[in-house]
Structure formats: structure tokens, C-alpha cells
Amino acid sequence: MVKYQFFATDQYYDIVSILYRCSAALSVFGSAWIVAEIISNPKKKATTCYHRLLLGLSSFDLLCSICFFAGTWAQPSISVWTYGSTSRGNGNITTCNISGFFIFLGSLAIPWYNVSISIYYYLAVCHSWRELRMKKSFERYVHAVICSIAMLVAIIPFFMDLYNPYFFYCFVATLPDRGSIAAQFVFQGIYMTSVILCTGVIICMMFRIKCHVTSTTRQSESYEISSYLTKVKKGTTTSTKRQMQSRRSRRKRKQASEVTTMALLYSVPFIVTWFIPVMWFLCLQISWATSFKIISNREVLHVVSEGQSRGIL
């Protein structure tokens, strides 16, 4: 049996493995905390569209992160992928199938739930959609579409023997006696395309929100100035009114600044966690022949960034 060695030394593997599981543990803790907070207070939080979307995202993230944490423990003990000098798998084909399924499922569903939350912000801020309209015209379709499509796409690799050991975990991959290289590229291409599309939509939504808030603030300030000048001409303005208008303007500029900060805090972690690793992975796929004998730096980047950014979220 031909074995693929991706690590120069056992020490290198052990260091990266520790970083990987620490990152996954942070993600598990953060997702479990969010799920527990929403479920423990159903009368207040679970009744809002935003919290239900967040619950869906965190549920997929929790399952995905648990399987990431399991890592090589779910891989077959006899594997063609070696780490340093020996194979580190402790599981079997069944555990690898289960782990790979939930990781691939989460990799498909989580980015689109992030998109749904960004669209929720856009509809609420820019179009003043209320909770009832959001639930009937938006949320009900979000859960149905994301869950059904992600489940369907993630189930297909089961029947093609595509869930196999892949670096530190099980994912859509090919072994000499399992899977198809063409099918692997198709499903990995679906995953990468999905992340790239989601990144574009999220950036677009946050940019539209920022532009809307800035435009609304300027229009409000312009209206206040014209109103103030009218009162000056009539001789009815007072210093107290001028102070109130000044405080109102400062408050609106502060709100615009807070919206900008929110857009950055929402977009940047997603880009760091998903988009950059995917682009790195895509570049490595193009030059796979020159980077085949040692683990890619993309894995280390994805491991560290995933735990850190989800900890921020």
C-alpha cells in the first residue's frame, strides 16, 4: 500500500495538532455557549428572528467543531495517510464517515447562515422590516433552503466513498481504494465556490448598510441645519435649542460610527476564518504537485484563525 507522508517530523505534527485541537475547543465552547444562552431563555431570545438564525448557525458550528476536535481520533487506525513516521488514526471507516459528513455539512451551512444574518441586518436597517414580516417573508425560507440543500449535498459523498482521512480530520478526499479524484474536486469546488460567494454577499450587505446609515445621517443633519436657519430668520431660536440640535447630531454620528464598527467586526472574522483559508487552499490545489510531501501552511492558518475569530464572534 502506498502511503502519503505530509509531515517532516513527529514533533511538527504534535505541535500543529495541539494548535488544531485548542482552536476547535474554543469553537466548541463558543458555539455551545450561544446555543445554551438561546435555549435557556426561549421566551425572550428564541422568539426573535435574529436569535433563531443565530441558533441555526451555532448548532451547525457546534457539530462541525466537535468533529474537528475529534480529528485523527475518528480516522481509521490503518490509513494511507501517515503523520511523521506512523499513522495516528484511532477510529474506523464508520467514524470517519460520520466525522467527515458533519464537517462537510457545517462547511456548507455555516457560511450561508452568516449570509442570512447579514441580509437580516440589511432588511432591518435599510428597509425597516419588522419581526413579523421578517419571519413570514425571509426566515422561514432561510432555514428550509440552507438545511435541505446542505444536507442533500453532504449526503451524496456517503454513497461515493468520499469521506476519508484528510490531514487532521476526515473530509471529502480520495484514497487509492476509495473515492474518485474527479468527484473530490467537484465537491471541494462546491465548498470553495460557496465560501467565495458568501464572502461577496456579506461584504456587499455590510457596505450597503454603511452607505444607508451615512446617507440617512447626512440627510438628517441637513434637515436640522435648514430648520435651524428658518428659526434664526424668525428670531425664535435659543441657545438651548442649539445645544439640543448639537447633541442630536453627535448622537447620530456616533450611531453611524457604531454601524461601521459592527460591519467590520462582522465581515473581518468571516474573511479570516473562511475566505483566506479557501483562497490559500485553492492556490495550493493549483500547485499541488509541488506541495505534496509536507503539510500545507493553509491548514495551520485555518486552524488558528478559526478558533480566534469564532472566539471573537
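**Entry 1: the disulfide**

I began with Cys96 and found this residue buried, at a relative accessible area of 1%. Everything I note here comes from a predicted model. Cys96 pairs with Cys170 in a disulfide, and I read 2.1 Å between their sulfur atoms. Cys170 is buried too, with a relative accessible area of 0%. I then looked up how many disulfides the structure holds, and the count is one.

Where do the two cysteines sit? The pair links distant parts of the chain, with Cys96 in helix H3 (residues 93-126) and Cys170 in strand S4 (residues 169-172), 74 residues apart. I also checked the handedness: the torsion about the S-S bond of Cys96 and Cys170 is about -115 degrees, so this disulfide is left-handed.

**Entry 2: cysteines without a partner**

Next I looked at Cys67, which is in no disulfide. The nearest cysteine sulfur belongs to Cys64 and is 7.1 Å away. A disulfide needs sulfur atoms within 2.5 Å. Cys67 counts as buried, at a relative accessible area of 10%.

I compared helix lengths with expectation. Helix H2 (residues 49-70) has 22 residues, which should span 32 Å at 1.5 Å a residue. The end C-alpha atoms of H2 are 32 Å apart, so the two values agree. After H2 comes Gly71, with a positive phi near 50 degrees.

H3 has 34 residues and reaches 49 Å from its first C-alpha to its last. That is close to the 50 Å expected at 1.5 Å a residue. How many residues of H3 are buried? I noted 25 of the 34, so H3 is largely enclosed by the rest of the structure.

At the N-terminal end of H3 I found a cap made by Asn92. A side-chain oxygen of Asn92 lies 3.0 Å from the backbone nitrogen of Thr94.

Just after H3, I stopped at Ser128, where phi is positive at about 55 degrees. Ser128 is a residue other than glycine, and its place is in the loop between H3 and H4. With a relative accessible area of 47%, Ser128 is partly exposed.

At 36% relative accessibility, Asp161 counts as partly exposed.

**Entry 3: salt bridges**

How many salt bridges does the structure hold? I found three.

Asp161 came up again here, as its side chain meets that of Arg178 in a salt bridge (3.6 Å, N to O). The pair links distant parts of the chain, 17 residues apart: Asp161 in the loop between H4 and S3, Arg178 in the loop between S4 and helix H5 (181-234). Arg178 is buried, at 14% relative accessibility.

I moved on to Arg52, which forms a salt bridge with Glu139, the closest N and O atoms being 2.6 Å apart. Arg52 is in helix H2 and Glu139 in helix H4, 87 residues apart. Glu139 counts as buried, at 4% relative accessibility.

The side chain of Arg52 also meets that of Glu131 in a salt bridge (3.9 Å, N to O). Glu131 lies in H4 and Arg52 in H2, so this pair ties together parts that are 79 residues apart in sequence. Glu131 is partly exposed, at 31% relative accessibility. I therefore wrote down Arg52, Glu131 and Glu139 as a network linked by salt bridges.

**Entry 4: a nonpolar patch**

Last, I looked up the surface and found a nonpolar patch of about 640 Å². Met151, Leu152, Ile155, Ile156, Phe158, Phe159 and Met160 make this patch. I followed up on Ile156, which lies in helix H4 (residues 131-159). Is Ile156 buried or partly exposed? At 36% relative accessibility, Ile156 counts as partly exposed.

A reminder to myself for reading that stretch: an α-helix has 3.6 residues a turn, so residues three or four places apart point the same way.

How values were computed: Residues are numbered from 1 along each chain as its sequence is written. This is a predicted model: local features need pLDDT of at least 70, side-chain atom pairs count only at pLDDT 80 or more; totals for chains, interfaces and linings use all residues. Side-chain values use heavy atoms; hydrogens and water are left out. Patches are made of residues with over 30% relative accessible area and no salt bridge: like charges are joined within 9 Å, nonpolar side chains (Val, Leu, Ile, Met, Phe, Trp, Tyr) within 5 Å. Accessible areas come from the Shrake-Rupley method with a 1.4 Å probe; for residues, only the protein chains shown count as cover. A salt bridge is a side-chain nitrogen of Lys or Arg within 4 Å of a carboxyl oxygen of Asp or Glu. Helices (H or I, at least four residues) and strands (E, at least two) are DSSP runs, numbered from the N terminus. Buried means under 20% relative accessible area, exposed over 50%, partly exposed in between (1.4 Å probe, protein chains only). The expected span of a helix is 1.5 Å times one less than its number of residues. A polar contact is a pair of N or O atoms within 3.5 Å; within protein, one must be able to donate a hydrogen and the other to accept it, and residues adjacent in sequence count only if both atoms are side-chain atoms.
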